[in-house]
Amino acid sequence: MLDSIRIVLVNTSHTGNIGSVARAMKTMGLSELTLVDPVNAPDSHASALAAGATDILANASTVDTLQEAVADCELVLATSARNRTLDWPLLGPRDAAAKVLAEAPKHKVALVFGRENNGLTNEELQLSQYHLHIPTNPDYGSLNLAMAVQTVCYELRMQFLEAEENAQRYSHSGEVADYPRGEQLEQFYQHLEQTLYDTGFIVKQHPGQVMTKLRRLFNRARPEESEINILRGILASIGKDRG
């Protein structure tokens, strides 16, 4: 179950933080690490702070964009401070862990952590179905990157162990549906946006917030793979009629 969970670090500044994250992951039983455009590749400092988790570093993959990192994932949770400009479904670590573990047996899951100084951009946050917020002390909410990863991985570990003792405790009734991968969702959004341009619903010179709001709508609704295929078919028929 834990093997289906990927930790994604975006544009990490300090290699020591990458090593500390690897250590946090391994202590909790997670092994898959992806680095998105790190400022520097893991080095001897990262290995020193990994403290025996150098296999996590050695097997880590590096990609240029977050979109690449989550392209094969059906469920993406992005860590975020409470964001007043993006009204996205928000989970705490405990609820997030329950959600992840319910889907991990069938789906690939990504947990995304942003830059040390300013987190994730709004565009990056929109690639997720849920935002994950760690409810720290409002008077002092300073968590370093490895602490944030450790907090989330701890919740996953504890609930995983409880689920082993009681297989039904966090399971959903019935089977988990088939959801589209990240790349399939992006293809749908690109198709939708182009169709809205072609029909004149969105004006290229003044696009406004239409696509952001539509992304929020569909991510909140979380259509299944078959439903996305239906929506793509509808968009294709609109294009055919206009052709």
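Guide: The largest pocket has a volume of about 640 Å³, volume being the space filled by probe spheres set on grid points joined across faces, edges and corners. This is a predicted model, where local features need pLDDT of at least 70 and side-chain atom pairs pLDDT 80 or more, while totals for chains, interfaces and linings use all residues. Residues are numbered from 1 along each chain as its sequence is written, and side-chain values use heavy atoms, leaving out hydrogens and water.

Visitor: What makes something a pocket, and what a cavity?

Guide: On a 1 Å grid over the protein atoms alone, a pocket is an open set of points with protein on both sides within 12 Å along at least five of seven lines; in a cavity a 1.4 Å probe fits but cannot get out, and lining residues have an atom within 4 Å of a point. The largest pocket has 25 lining residues, with Thr 79, Ser 80, Ala 81, Leu 143 and Ala 148 nearest its centre. Two cavities of 30 Å³ or more turn up, and the largest cavity holds about 90 Å³. Among the 15 residues lining that cavity, Leu 127, Gln 129, Gly 182, Leu 185 and Glu 186 are closest to its centre.

Visitor: Which domains are assigned?

Guide: Domain 1 (5-172) and domain 2 (182-241), with bounds from an automatic or database domain assignment. Their C-alpha centres lie 28 Å apart.

Visitor: How do you know how much area is buried between domain 1 and domain 2?

Guide: Buried area is the accessible area (1.4 Å probe) that two parts lose on being put together, summed over both. Here that comes to about 1,100 Å², with 47% from carbon and sulfur atoms. On the domain 1 side, Trp 88, Gln 126 and Gln 129 lose the most, together 40% of what that side buries.

Visitor: Why is the meeting of Glu 103 and Arg 222 called a salt bridge?

Guide: The rule wants a side-chain nitrogen of Lys or Arg within 4 Å of a carboxyl oxygen of Asp or Glu. Glu 103 and Arg 222 sit at 2.5 Å, N to O, so the pair qualifies. The count between the two domains is one salt bridge.
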